Amino acid sequence: MPPDTATVAKPHYWEEAVAHLVRRDRILKKIIPQHAEAWLTSRHTPFVTLARAIVGQQISSKAGDALWQRFLDAVGKRPTPAGVLGVGGATLRQAGLSQRKCEYVQDLAAHFGERRVHPEKWAAMDDESVVAELLAIRGIGRWTAEMFLIFNLQRPDVLPLDDPGLLKAISLHYFSGEPVSRFEAREVSSAWQPWRTVATWYLWRSLESKAVPN
């Protein structure tokens, strides 16, 4: 669920995007007003955002939150690449991370610590160039990279076709619950451009009684 947004600024494009989506899409015209007091927010540094994504992979949101807290207990409340590398794999394993997740989060820390990625340049890079840097890190696939574009960089036109929540929402709202293909989802999304991030975010909110990305 999104945090309290009363004092958090909206992305600069949000109102323009909402106006476009309400005008172009009859489903979103109904959904958006139901979530008028919330919007996309960015809460963490690039390193912390990606570390949390790795820690939470392939487990439930509740389990991911608990494991993340144990990770913070091990490496400190403000995780840094040096802090993660400093505690060592044994400490991470004791915190509950699998061997593979230990390797992934250490590789992430090494990429940041050795400046093999360039977060200071990402704001000026196009989406696919950022994705290419992220995919070089072990444990980060396209879905994680796209979630980073949405939730950390707040890119306005990301369509995460590997996201089951988005496909479920499209199925429920546009296809009467029938399964949808990536092609069909892309066709539906054509009306949303250049604001597919915003449409995706509202469709996630429409499923908020279910699990949705944080």
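This is a predicted model: local features need pLDDT of at least 70, side-chain atom pairs count only at pLDDT 80 or more; totals for chains, interfaces and linings use all residues.
The bend at a residue is the angle between two fitted axes, one through the seven residues ending there and one through the seven residues starting there.

Helix H5 covers residues 81-94, and it has a kink of about 95° centred on Gly88. Now look at the length of H5. With 14 residues at 1.5 Å a residue, H5 should span 20 Å, and its end C-alpha atoms lie 19 Å apart, so the two values agree. Which residues of H5 are buried? They are Pro81, Val84 and Leu92. The cover over these buried residues includes helix H3 (46-55), helix H4 (61-75) and helix H6 (99-113). Just past the end of H5 you will find Gly96, which takes a positive phi of about 115°.

Ile140 sits in the loop that joins helix H8 (127-135) to helix H9 (142-151). Is Ile140 buried or exposed? Buried means under 20% relative accessible area, and Ile140 has a relative accessibility of 6%, so it counts as buried. Leaving aside residues up to four places away in sequence, Ile140 touches Leu50, Ile54, Leu108, Leu134, Leu135 and Ala145.

Our next stop is helix H12, residues 196-205. Start with its partner H1, residues 14-24: the two helices pack at an angle of about 75°, with their axes 9 Å apart. Angles of 65 to 115 degrees count as roughly perpendicular, and H1 and H12 are therefore roughly perpendicular to each other. On the H1 side, the residues that meet H12 are Trp14, Ala17, Val18 and Leu21, and on the H12 side they are Val198, Ala199, Trp201 and Tyr202. Sorted by class, this contact has eight nonpolar residues, with no polar and no charged ones.

Helix H10 (residues 164-174) also meets H12: their axes come within 9 Å and cross at roughly 75°. H10 and H12 are therefore roughly perpendicular to each other as well. H10 brings Gly165, Leu166, Ala169, Ile170, His173 and Tyr174 to the contact, while H12 brings Thr200, Leu203 and Trp204. What classes of residue make up the contact of H10 with H12? There are six nonpolar, three polar and no charged residues.

Key
Residues are numbered from 1 along each chain as its sequence is written. Side-chain values use heavy atoms; hydrogens and water are left out. Axes are lines fitted to C-alpha atoms, for helices over the stretch in contact, and angles run from 0 to 180 degrees between N-to-C directions. Helices (H or I, at least four residues) and strands (E, at least two) are DSSP runs, numbered from the N terminus. Angles under 35 degrees count as roughly parallel, over 145 as roughly antiparallel, 65 to 115 as roughly perpendicular and the rest as oblique. Contact means heavy atoms within 4.5 Å. Ala, Val, Leu, Ile, Met, Phe, Trp, Tyr, Cys and Pro count as nonpolar, Asp, Glu, Lys and Arg as charged, and the others, Gly among them, as polar. The expected span of a helix is 1.5 Å times one less than its number of residues. Buried means under 20% relative accessible area, exposed over 50%, partly exposed in between (1.4 Å probe, protein chains only).
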